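Colleague: Please take a close look at one part of this model. Start with a single side chain and what surrounds that residue, then move on to the sheet.

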Amino acid sequence: MSSRTELPVCETCGVQFDRVDPDECPICTDERQYVGRGGQRWTTVAEVSASHRTVVREEYPGLWGIGTEPTFAIGQRALLVPGDGGNLLWDSITTIDDAAIARVTELGGVSAVALSHPHYYSAMVEWSEAFGDVPIYVHESDRAWLPRAGNIRTWSGDSLEILPGRTLINTRVHFAGGSVLHWPGTDGRGALCTGDIVQVVSDRRWVSFMYSYPNLIPEHPDTIRRTVALLENVTFERIVGAWWDRVVEEDAHGAVVRSARRYLEHIGVAPGF
Ligand SMILES: [Zn+2]
(Lines give C-alpha, C1' and ligand atoms only; values in the text may rest on other atoms or scores of the structure.)
Protein backbone atom coordinates (compact mmCIF):
# COMPACT_ATOMS: atom_id res chain seq x y z
CA MET A 1 0.00 0.00 0.00
CA SER A 2 1.10 3.53 -0.60
CA SER A 3 2.20 5.78 2.22
CA ARG A 4 -0.64 8.08 1.31
CA THR A 5 -3.44 6.01 2.82
CA GLU A 6 -3.93 8.88 5.28
CA LEU A 7 -5.34 11.15 2.55
CA PRO A 8 -8.96 12.27 3.15
CA VAL A 9 -11.80 9.96 2.12
CA CYS A 10 -15.42 11.11 2.06
CA GLU A 11 -17.54 8.84 4.28
CA THR A 12 -20.60 9.17 2.04
CA CYS A 13 -19.14 8.46 -1.41
CA GLY A 14 -15.92 6.71 -0.36
CA VAL A 15 -13.68 8.70 -2.73
CA GLN A 16 -10.10 9.51 -1.69
CA PHE A 17 -8.77 13.00 -2.46
CA ASP A 18 -5.36 14.70 -2.53
CA ARG A 19 -6.81 17.63 -0.69
CA VAL A 20 -10.26 18.89 0.22
CA ASP A 21 -12.29 21.77 1.51
CA PRO A 22 -13.11 20.24 4.92
CA ASP A 23 -16.73 21.27 4.61
CA GLU A 24 -17.41 20.02 1.13
CA CYS A 25 -16.96 16.84 -0.90
CA PRO A 26 -17.17 17.86 -4.58
CA ILE A 27 -18.77 14.53 -5.48
CA CYS A 28 -21.42 14.61 -2.77
CA THR A 29 -22.44 18.26 -3.27
CA ASP A 30 -23.22 17.46 -6.93
CA GLU A 31 -26.95 16.90 -7.54
CA ARG A 32 -26.33 13.23 -8.34
CA GLN A 33 -25.16 12.53 -4.76
CA TYR A 34 -25.94 13.95 -1.32
CA VAL A 35 -24.21 15.07 1.83
CA GLY A 36 -24.72 12.56 4.63
CA ARG A 37 -27.01 13.26 7.55
CA GLY A 38 -25.02 15.22 10.13
CA GLY A 39 -22.91 16.96 7.53
CA GLN A 40 -19.65 16.24 5.75
CA ARG A 41 -17.43 13.64 7.41
CA TRP A 42 -13.98 12.45 6.46
CA THR A 43 -12.03 9.30 7.12
CA THR A 44 -9.01 7.61 5.48
CA VAL A 45 -8.29 4.45 3.49
CA ALA A 46 -6.16 3.20 6.40
CA GLU A 47 -8.96 3.73 8.92
CA VAL A 48 -11.70 2.14 6.81
CA SER A 49 -9.46 -0.77 5.81
CA ALA A 50 -8.69 -1.45 9.49
CA SER A 51 -12.37 -1.55 10.49
CA HIS A 52 -13.64 -3.47 7.43
CA ARG A 53 -12.60 -6.58 5.52
CA THR A 54 -11.64 -6.51 1.87
CA VAL A 55 -13.09 -9.70 0.43
CA VAL A 56 -12.18 -11.41 -2.83
CA ARG A 57 -14.58 -14.05 -4.10
CA GLU A 58 -15.97 -15.38 -7.36
CA GLU A 59 -19.01 -13.53 -8.61
CA TYR A 60 -19.53 -16.44 -10.97
CA PRO A 61 -17.03 -18.98 -12.36
CA GLY A 62 -14.14 -17.10 -14.00
CA LEU A 63 -15.05 -13.64 -12.74
CA TRP A 64 -13.83 -12.41 -9.37
CA GLY A 65 -15.34 -9.67 -7.26
CA ILE A 66 -13.54 -7.49 -4.71
CA GLY A 67 -15.73 -5.89 -2.07
CA THR A 68 -15.84 -4.39 1.41
CA GLU A 69 -17.55 -6.02 4.40
CA PRO A 70 -19.48 -4.67 6.14
CA THR A 71 -20.59 -2.35 3.36
CA PHE A 72 -19.02 1.12 3.24
CA ALA A 73 -20.23 4.34 1.54
CA ILE A 74 -21.97 3.53 -1.77
CA GLY A 75 -21.18 -0.15 -1.31
CA GLN A 76 -20.09 -1.15 -4.81
CA ARG A 77 -17.75 -4.06 -5.39
CA ALA A 78 -15.04 -4.09 -8.02
CA LEU A 79 -14.40 -6.89 -10.54
CA LEU A 80 -11.20 -8.60 -11.61
CA VAL A 81 -11.73 -9.27 -15.31
CA PRO A 82 -9.21 -11.78 -16.73
CA GLY A 83 -7.75 -12.17 -20.20
CA ASP A 84 -4.59 -12.03 -22.30
CA GLY A 85 -2.29 -9.32 -21.03
CA GLY A 86 -3.47 -9.77 -17.44
CA ASN A 87 -6.40 -8.83 -15.27
CA LEU A 88 -8.32 -5.61 -15.55
CA LEU A 89 -9.62 -4.15 -12.31
CA TRP A 90 -13.06 -2.80 -13.22
CA ASP A 91 -14.13 -0.04 -10.85
CA SER A 92 -12.72 0.21 -7.37
CA ILE A 93 -13.46 0.20 -3.67
CA THR A 94 -12.21 2.29 -0.73
CA THR A 95 -10.59 -0.51 1.26
CA ILE A 96 -7.38 -2.37 0.48
CA ASP A 97 -5.23 -4.59 2.71
CA ASP A 98 -2.31 -6.99 2.50
CA ALA A 99 -4.52 -10.09 2.46
CA ALA A 100 -6.53 -8.80 -0.49
CA ILE A 101 -3.38 -7.77 -2.34
CA ALA A 102 -1.94 -11.26 -1.75
CA ARG A 103 -5.14 -12.95 -2.99
CA VAL A 104 -5.37 -10.78 -6.10
CA THR A 105 -1.67 -11.45 -6.73
CA GLU A 106 -2.40 -15.20 -6.61
CA LEU A 107 -5.13 -14.60 -9.17
CA GLY A 108 -2.62 -12.92 -11.51
CA GLY A 109 -2.43 -9.38 -10.18
CA VAL A 110 -3.74 -6.27 -11.93
CA SER A 111 -2.48 -4.98 -15.31
CA ALA A 112 -4.79 -1.98 -15.59
CA VAL A 113 -7.64 -0.28 -13.77
CA ALA A 114 -10.70 1.23 -15.51
CA LEU A 115 -13.57 3.18 -14.03
CA SER A 116 -17.23 3.42 -14.98
CA HIS A 117 -17.76 6.87 -13.42
CA PRO A 118 -16.56 9.16 -10.58
CA HIS A 119 -18.70 7.67 -7.78
CA TYR A 120 -16.53 4.55 -7.95
CA TYR A 121 -13.14 6.26 -8.12
CA SER A 122 -12.83 5.47 -4.38
CA ALA A 123 -9.23 4.29 -3.73
CA MET A 124 -8.40 3.59 -7.39
CA VAL A 125 -4.92 5.13 -7.06
CA GLU A 126 -4.11 2.96 -4.03
CA TRP A 127 -5.12 -0.15 -6.02
CA SER A 128 -3.07 0.96 -9.01
CA GLU A 129 -0.01 1.64 -6.85
CA ALA A 130 -0.35 -1.69 -5.01
CA PHE A 131 0.15 -3.48 -8.35
CA GLY A 132 3.08 -1.44 -9.67
CA ASP A 133 1.39 1.86 -10.52
CA VAL A 134 -0.58 0.31 -13.39
CA PRO A 135 -2.54 2.69 -15.66
CA ILE A 136 -5.98 3.90 -14.60
CA TYR A 137 -8.38 4.52 -17.50
CA VAL A 138 -10.94 7.29 -17.09
CA HIS A 139 -12.98 8.84 -19.90
CA GLU A 140 -11.78 12.36 -20.67
CA SER A 141 -15.31 13.75 -20.26
CA ASP A 142 -14.97 13.13 -16.52
CA ARG A 143 -11.49 14.61 -16.21
CA ALA A 144 -12.77 17.43 -13.97
CA TRP A 145 -13.82 14.84 -11.37
CA LEU A 146 -10.37 13.31 -10.88
CA PRO A 147 -9.79 13.41 -7.11
CA ARG A 148 -6.05 12.86 -6.84
CA ALA A 149 -2.86 12.36 -8.80
CA GLY A 150 -1.96 8.92 -10.07
CA ASN A 151 -1.10 7.06 -13.27
CA ILE A 152 -4.29 8.30 -14.93
CA ARG A 153 -4.84 7.77 -18.67
CA THR A 154 -7.82 9.62 -20.04
CA TRP A 155 -9.37 8.11 -23.13
CA SER A 156 -11.72 9.64 -25.69
CA GLY A 157 -14.35 8.62 -28.22
CA ASP A 158 -17.09 5.99 -27.99
CA SER A 159 -14.96 2.92 -27.30
CA LEU A 160 -11.43 1.72 -26.59
CA GLU A 161 -9.94 -1.76 -26.16
CA ILE A 162 -7.53 -1.31 -23.24
CA LEU A 163 -6.41 -4.93 -22.84
CA PRO A 164 -7.04 -7.77 -25.32
CA GLY A 165 -10.78 -8.48 -25.31
CA ARG A 166 -11.62 -5.81 -22.77
CA THR A 167 -13.26 -2.81 -24.38
CA LEU A 168 -14.63 0.32 -22.75
CA ILE A 169 -17.81 1.83 -24.22
CA ASN A 170 -18.81 5.39 -23.29
CA THR A 171 -22.61 5.47 -23.05
CA ARG A 172 -22.72 8.91 -21.34
CA VAL A 173 -25.37 7.57 -18.94
CA HIS A 174 -25.20 9.02 -15.36
CA PHE A 175 -22.00 11.02 -16.18
CA ALA A 176 -20.72 12.35 -19.49
CA GLY A 177 -17.86 9.88 -19.15
CA GLY A 178 -20.14 7.08 -17.92
CA SER A 179 -18.78 3.86 -19.42
CA VAL A 180 -19.29 0.11 -19.43
CA LEU A 181 -16.83 -2.70 -20.09
CA HIS A 182 -17.34 -5.44 -22.66
CA TRP A 183 -15.59 -8.78 -22.07
CA PRO A 184 -15.98 -11.99 -24.10
CA GLY A 185 -16.06 -13.99 -20.86
CA THR A 186 -14.36 -17.30 -20.24
CA ASP A 187 -17.10 -19.03 -22.24
CA GLY A 188 -17.16 -16.59 -25.18
CA ARG A 189 -20.82 -15.69 -24.61
CA GLY A 190 -19.94 -12.17 -23.62
CA ALA A 191 -20.54 -10.06 -20.56
CA LEU A 192 -21.04 -6.38 -20.01
CA CYS A 193 -19.68 -5.05 -16.71
CA THR A 194 -21.69 -1.95 -16.09
CA GLY A 195 -21.30 -0.55 -12.59
CA ASP A 196 -24.55 1.40 -12.29
CA ILE A 197 -24.30 2.90 -15.78
CA VAL A 198 -26.63 0.16 -16.98
CA GLN A 199 -28.12 -0.68 -13.60
CA VAL A 200 -29.18 -4.25 -12.87
CA VAL A 201 -32.39 -3.75 -10.88
CA SER A 202 -34.03 -5.93 -8.21
CA ASP A 203 -35.85 -7.99 -10.84
CA ARG A 204 -32.67 -9.23 -12.44
CA ARG A 205 -34.27 -9.76 -15.83
CA TRP A 206 -34.28 -5.98 -16.21
CA VAL A 207 -31.98 -2.95 -16.06
CA SER A 208 -32.45 0.81 -15.78
CA PHE A 209 -30.69 4.07 -16.55
CA MET A 210 -30.67 7.02 -14.18
CA TYR A 211 -28.92 10.37 -14.00
CA SER A 212 -29.07 10.07 -10.20
CA TYR A 213 -30.04 6.98 -8.20
CA PRO A 214 -30.14 8.46 -4.68
CA ASN A 215 -32.14 11.47 -5.87
CA LEU A 216 -34.15 9.59 -8.52
CA ILE A 217 -33.41 11.89 -11.45
CA PRO A 218 -34.14 10.09 -14.71
CA GLU A 219 -31.65 9.83 -17.57
CA HIS A 220 -32.37 11.73 -20.77
CA PRO A 221 -34.20 9.79 -23.52
CA ASP A 222 -31.54 10.70 -26.12
CA THR A 223 -28.83 9.18 -23.93
CA ILE A 224 -30.82 5.97 -23.52
CA ARG A 225 -31.44 5.71 -27.26
CA ARG A 226 -27.74 6.35 -27.89
CA THR A 227 -26.82 3.57 -25.46
CA VAL A 228 -29.10 1.06 -27.19
CA ALA A 229 -27.58 2.05 -30.55
CA LEU A 230 -23.98 1.80 -29.26
CA LEU A 231 -24.64 -1.71 -27.93
CA GLU A 232 -26.54 -2.90 -30.99
CA ASN A 233 -23.70 -4.99 -32.41
CA VAL A 234 -22.09 -5.89 -29.09
CA THR A 235 -22.59 -9.53 -28.05
CA PHE A 236 -23.23 -10.24 -24.39
CA GLU A 237 -25.28 -12.86 -22.61
CA ARG A 238 -24.71 -11.44 -19.12
CA ILE A 239 -24.65 -8.05 -17.43
CA VAL A 240 -22.65 -7.76 -14.22
CA GLY A 241 -23.75 -4.78 -12.15
CA ALA A 242 -22.11 -2.86 -9.32
CA TRP A 243 -23.08 -5.03 -6.32
CA TRP A 244 -22.68 -8.70 -5.44
CA ASP A 245 -25.25 -10.88 -7.21
CA ARG A 246 -26.57 -8.05 -9.35
CA VAL A 247 -26.19 -10.09 -12.50
CA VAL A 248 -28.50 -10.55 -15.48
CA GLU A 249 -27.70 -14.20 -16.13
CA GLU A 250 -29.07 -14.66 -19.63
CA ASP A 251 -30.32 -12.72 -22.64
CA ALA A 252 -28.85 -9.55 -21.17
CA HIS A 253 -28.74 -7.80 -24.53
CA GLY A 254 -32.47 -8.40 -24.88
CA ALA A 255 -32.92 -7.10 -21.33
CA VAL A 256 -31.25 -3.80 -22.27
CA VAL A 257 -33.50 -3.30 -25.28
CA ARG A 258 -36.70 -4.30 -23.43
CA SER A 259 -35.79 -2.20 -20.41
CA ALA A 260 -34.94 0.88 -22.51
CA ARG A 261 -38.22 0.54 -24.36
CA ARG A 262 -40.20 0.17 -21.13
CA TYR A 263 -38.44 3.16 -19.59
CA LEU A 264 -39.14 5.44 -22.54
CA GLU A 265 -42.77 4.35 -22.73
CA HIS A 266 -43.20 5.15 -19.01
CA ILE A 267 -41.95 8.69 -19.45
CA GLY A 268 -44.17 9.18 -22.49
CA VAL A 269 -41.52 9.08 -25.21
CA ALA A 270 -41.71 6.91 -28.32
CA PRO A 271 -38.78 4.46 -28.11
CA GLY A 272 -37.94 4.63 -31.81
CA PHE A 273 -36.42 1.13 -31.79
ZN1 LIG B 1 -18.38 12.41 -1.12
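Modeller: The side chains of threonine 43 and glutamate 47 are joined by a polar contact of 2.7 Å. Keep in mind that this is a predicted model. Threonine 43 sits in strand E2, residues 42–44. Its relative accessible area is 7%. The cut-off for buried is under 20%, so threonine 43 counts as buried.

Now the surroundings. Leaving aside residues up to four places away in sequence, threonine 43 touches Leu7, Pro8, Val9, Glu11, Val48 and Phe72. Cysteine 10 is 33 residues from threonine 43 in sequence. In space, the two C-alpha atoms are 6.4 Å apart.

Next, the sheet. It is open and has seven strands, in the order E3-E4-E5-E6-E7-E8-E9. The pairing is mixed. Strand E3 (53–60) and strand E9 (152–155) are at the edges. Each has a single partner strand, so one side of each lacks a neighbour in the sheet. From one strand to the next, the twist averages 25 degrees.

Look at one pair within the sheet. Strand E4 (residues 63–69) and strand E5 (residues 78–81) run antiparallel, and three bridges join them. Glycine 65 has leucine 79 in E5 as its bridge partner.

A helix packs on the sheet too: H2, residues 98–106. Helix H2 touches E3, E4 and E5. The direction of H2 makes about 30 degrees with that of E3.

Definitions and conventions: Residues numbered from 1 in each chain as written. Predicted model: local features only at pLDDT ≥ 70, side-chain atom pairs only at ≥ 80, totals over all residues. Heavy atoms only, no water. Pairing = 2+ DSSP bridges. Helix = DSSP H or I, 4+ residues; strand = E, 2+ residues; numbered from the N terminus. Axes fitted to C-alpha atoms, helices over the stretch in contact; angles between N-to-C directions. Contact = heavy atoms within 4.5 Å. Buried < 20%, exposed > 50% of the residue type's maximum accessible area, 1.4 Å probe, protein only. Polar contact = N/O pair within 3.5 Å; in protein donor to acceptor, adjacent residues only side chain to side chain.
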